[in-house]
Amino acid sequence: MSQTVRTRPEGSGQALSEAYDTALLDLDGVVYAGGEAIAHAVDSLATARAGGMHLAYVTNNALRTPDAVAGHLTELGIPTVASDVITSAQAVARLISEQVPAGARVLVIGGDGLRVALRERGLEPVDSAEDEPVAVVQGYGGPDLAWSRFAEASYAVARGVPWFASNTDLTIPGARGIGPGNGAAVEVVRIATGAEPRVAGKPLPPMHRETILRTGAERPLVVGDRLDTDIEGAFNGEVDSLLVLTGVTDGAQLLAAPPKHRPTYVDADLRGMLTGQPEVVEAGDGFRCGGWTATAGGEELELTGEGEALDGLRALCAAAWTAAGEGSCELNGGKALARLGL
């Protein structure tokens, strides 16, 4: 796929909730963290919905069913039905169903989300390598998933049974911090078998296809907090994206982003969906946004001016991404980010 290399965040004269028909929202780190709603999420989503934007919740977490996720969101004050939720479990179940006979047995290493998704596709979840599965599927099973489940997957995969993974996120945010995600569990089976799974979740095409099939979005905006899943998934799907800084991505990671990890827009939280986005313009040998001007010096990124911290970050992105071209910016942005409190 050939795409124009993004060298700066874009501006928008319209509120993003008006410019796009559907928001494809990540959950962990965007809407909630540790099960609790992130600041401004509930009110921002309500306003976007009232204005006519369709809200869809797209998660790589395969543990919970769409019904469970919708129930949780509704409890948080975000009215949601199961059809508004798209999970990597659904994406991987479709992927498997296209390659095995109807009614086939699939060894499940994970939770209820995978089992429900497989049954939706007419497949039979089983628990043992001795149940003659025609495929193995692995998804996040929660912090208490038994080590014996990884062994069961390894037995089947070592026999040549095709292996699928809902996603390979190495980490997952929780109430006490960042914990190991499904990608860490996939590594256990990979080390034991030397095999490679077929992966469905973000940032890969099966997840984007599942999302579009289920939402019918024509002008979607991906909203996420992770560069390597949400933003890369938008890049692979050739759709626009909004990075919010309420999750795992910090300023330094954003400045160093290669082209596939560069979002269309950057904002602090979901209130960014309700506003336009400021333009970043060339200013001499640098870039200006709001009251800030950023330039790429010999060894570091430099920032002058004053104003909103996010405007400074947007200007720094333009300086860093332009200097990096098709690579990752190696200039030190620490002093400039410190000026912004980021």
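Okay, one definition before we start: two strands count as paired if DSSP finds at least two bridges between them. Keep that in your head, and keep in mind too that what we're looking at is a predicted model.

So, strand β18, residues 292–296. Five bridges join β18 to β19, and the two run antiparallel.

Now zoom out a bit. Those two belong to an open sheet of four strands, in the order β16-β17-β18-β19, and the pairing is antiparallel. Which strands stand at the edges? That would be β16, at 281–283, and β19, at 301–305. Each of them has a single partner strand, so one side of each is left without a neighbour in the sheet.

Last stop is D267, over in strand β15, which covers residues 265–267. Buried or exposed? D267 has a relative accessible area of 11%, and the cut-off for buried is under 20%, so D267 is buried. Its side chain makes a polar contact with the side chain of R314, at 3.4 Å. Leaving out residues up to four places away in sequence, D267 also touches a list of others, among them L242, L243, V244, L245 and L310.

That's my tour, thanks!

Notes:
Residues numbered from 1 in each chain as written. Predicted model: local features only at pLDDT ≥ 70, side-chain atom pairs only at ≥ 80, totals over all residues. Heavy atoms only, no water. Buried < 20%, exposed > 50% of the residue type's maximum accessible area, 1.4 Å probe, protein only. Polar contact = N/O pair within 3.5 Å; in protein donor to acceptor, adjacent residues only side chain to side chain. Contact = heavy atoms within 4.5 Å.
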